[in-house]
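Subject: Structure handover

Hello,

Here is the structure you asked about. My notes follow below it.

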Amino acid sequence: MAMEYLGLSDINGPLVAVDGVKGVGFEEMVEMKTATGTRLGRIAALEGERAVIQVFAGTSGMTLSGTASRFTGSPMRLALAPEIVGRIFNGAGEPIDGLGPVYAEHFEDINGSAINPVSRSYPRNYIRTGISSIDSLITLIRGQKLPIFSGSGMSHNKLAAQIVRQAKLSEDEGANFGVVFCAMGVTKDVAEYFRRSFEESGALSRVTMFLNLSSDPIVERILTPRCALTAAEYLAFEQGMHILVVMTDMTSYAEALREFSSSKGEIPGRKGYPGYLYSDLASLYERAGVIEGREGSVTQIPILTMPNDDITHPIPDLTGYITEGQIVLDRYLDQQGVYPPISVLPSLSRLMKDGIGEGYTRADHADVSNQLFASYAKVNDARDLASVIGEEELGETDKLYLDFGAHFEKEFLGQGPNEDRTIDQSLDLGWRLLSILPREELDRVDEAVLEQHYRKH
């Protein structure tokens with residue numbers, strides 16, 4: 001029988017404390033009756049018989065003597081059913097699209113359960129985004145976690161919306177594909193931009209959205225990615241779908257975690273973030289993958305804005321340790337009007353080599369990718385030299401590299417926000433640009449492949 005505890009011993013920001021509590025567990029849900037109605041919370045810390053509770057809707061209007069707390073005996077659970085595809089929820093998993101509640105097949109703990117490493121299958125095959133620089137050079141593999149490192153004010157929201165609209169499995173597969181989109185700490189106009197973008201393109205019918213606004217409580221922001229990933233795991237491993245999870249902005253999530261940690265009085269780590277930031281991020285990122293014997297997969301694209309464009313900041317730094325590569329956006333390219341402004345040289349996909357080539361994309365994919373990387377690296381060398389001695393003094397080969405670099409940034413990296421390129425179009429464009437250079441400069445490609453694809457202008 002559930003006991004009800006009358007009164008609170010302390011109120012501090014989004015936290016309240018109840019003394020004399022027995023037989024409860026960490027992260028257990030709590031129903032709190034106040035003069036203004038019932039609020040939900042969960043146990044954030046246990047100190048002997050003292051329970052510290054996160055109040056989801058905030059503690060405004062709560063009083064020490066006028067609150068009654070009932071512990072439910074279970075952690076927060078998300079209502080799940082196939083009908084969640086195409087629905088819009090708030091950060092706590094409650095429907096906000098006016099279509100009524102979800103008639104759940106079952107409820108699942110939002111904290112998930114660890115995947116046994118032995119039962120994981122190695123990620124294979126790719127997800128096509130329709131963006132040349134990603135599909136050709138930083139290929140997203142099914143079951144991978146591949147973050148996007150951006151900067152404040154850059155076009156990562158536009159890129160996220162384009163990926164959600166265009167992402168699909170390879171053309172010859174009829175498997176079920178869906179997207180779980182999770183926005184944390186976004187403004188109302190940004191949330192409305194995402195919603196409108198998905199509706200107008202028709203993508204909303206395969207998207208499950210979780211929206212946490214900047215005006216919503218920080219406690220809800222900590223729950224949002226967990227609710228989204230729980231929905232993704234259900235659709236992937238129970239319904240057999242291949243799910244792409246796009247999460248933006250992980251910096252807002254980490255800052256909410258820092259604020260909550262500070263309110264609990266925990267000792268801060270680097271730049272004030274809690275010492276457990278690494279393990280907390282890992283508890284989210286490691287929920288991507290493919291499970292042996294299960295039909296579906298969960299692939300993640302976390303998006304984070306680097307404070308002051310600092311890639312050594314704790315959030316991108318720790319994210320890079322956990323994930324399998326990164327896509328880095330470049331402010332200089334952004335200012336030059338290149339969209340998407342992806343800086344290919346510091347970007348990589350560590351699982352790309354095992355999900356491209358014959359049987360996946362195209363036999364020459366690895367050759368094109370390697371040569372484009374190598375040639376673009378020489379473009380920067382030529383530009384550095386030109387800045388010293390002047391472009392007129394460069395040799396003919398260096399001038400060709402400058403020409404290649406200009407076309408590469410304008411035509412290959414640059415594409416419209418509604419332009420959806422196939423993998424064949426992207427690779428053919430790569431060969432057309434490589435043909436600007438002398439054949440002897442293409443030293444990362446087998447001669448037989450060159451013979452087939454190289455076309456001198």
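P340 sits in the loop between helix 8 (331-335) and strand 21 (342-349). Please keep in mind that this is a predicted model. The bond joining Y339 to P340 is a cis peptide, with omega about -10 degrees. The charged end of K158 sits over the Y339 ring, 4.9 Å from its centre.

There is another cis peptide bond, from T248 to D249, with omega near 5 degrees. D249 belongs to the loop between strand 17 and helix 5.

N125 is not a glycine, yet its phi is positive, about 65 degrees. You will find N125 in the loop between strand 11 (120-121) and strand 12 (127-128). Its relative accessible area is 12%, so N125 is buried. D309 is also a residue other than glycine with a positive phi, near 55 degrees. D309 lies in the loop between strand 19 and helix 7. With a relative accessible area of 33%, D309 is partly exposed.

**Aromatic pairs**

How many aromatic pairs does a search of the whole structure find? The search gives nine. Take F181 and F194 from the aromatic residues. Their ring centres are 4.6 Å apart and their planes meet at 55 degrees, so this pair is tilted. The pair links distant parts of the chain, with F181 in strand 15 (residues 177-186) and F194 in helix 3 (residues 188-201), 13 residues apart. Both F181 and F194 are buried.

F194 also pairs with F198. Here the ring centres are 6.2 Å apart and the planes lie at 25 degrees, so the pair is stacked. Both residues are in helix 3, four residues apart, about one turn of the helix. An α-helix has 3.6 residues a turn, so residues three or four places apart point the same way. F198 is buried, because its relative accessible area is 0%. F194 is likewise at 0% relative accessibility and counts as buried. F181, Y193, F194 and F198 form one aromatic cluster.

S197 is in helix 3 as well. At 11% relative accessibility, S197 counts as buried. Its contacts, leaving aside neighbours within four places in sequence, are A161 and R165.

One more ring is worth a look. R258 lies over the face of Y273, 4.3 Å from the ring centre.

**Buried helices**

The buried ones are P314, I315, P316, L318, T319, G320 and I322. They pack against strand 13 (148-151), helix 5, helix 6 and strand 19.

In helix 6 (residues 277-285), the buried residues are L277, D280, L281, A282, L284 and Y285. Their cover includes helix 4, strand 17 (242-248), helix 5 (250-263), strand 19 (297-306) and helix 7 (314-322).

P225 is placed in helix 4 (residues 218-237). P225 is buried, with a relative accessible area of 0%. Beyond residues up to four places away in sequence, P225 touches C182, M184, M247, Y253 and L284.

**Q166 and its contacts**

Q166 lies in helix 2 (residues 156-166). Its relative accessible area is 5%, so Q166 is buried. The C-alpha atoms of Q166 and T129 are separated by 5.6 Å, although the two are 37 residues apart along the chain. Not counting residues up to four places away in sequence, Q166 touches R128, T129, G130, I131, R206, P417, N418, E419 and D420.

**Helix 9 against helix 10**

How do these two helices meet? The axes of helix 9 (residues 365-389) and helix 10 (residues 396-413) come within 8 Å and cross at roughly 120 degrees. The two helices are therefore oblique to each other. The crossing is left-handed. On the helix 9 side, the residues in contact include L372, Y376, V379 and L385. On the helix 10 side, they include Y401, L402, F404 and F408.

Best wishes

Technical notes:
Residues numbered from 1 in each chain as written. Predicted model: local features only at pLDDT ≥ 70, side-chain atom pairs only at ≥ 80, totals over all residues. Heavy atoms only, no water. Phe/Tyr/Trp six-rings, centres within 6.5 Å; stacked < 30°, edge-to-face > 60°. Buried < 20%, exposed > 50% of the residue type's maximum accessible area, 1.4 Å probe, protein only. Lys NZ or Arg CZ within 6 Å of the ring centre and 35° of its normal. Axes fitted to C-alpha atoms, helices over the stretch in contact; angles between N-to-C directions. Parallel < 35°, antiparallel > 145°, perpendicular 65-115°, else oblique. Left-handed = near helix turned anticlockwise from the far one by under 90°. Contact = heavy atoms within 4.5 Å.
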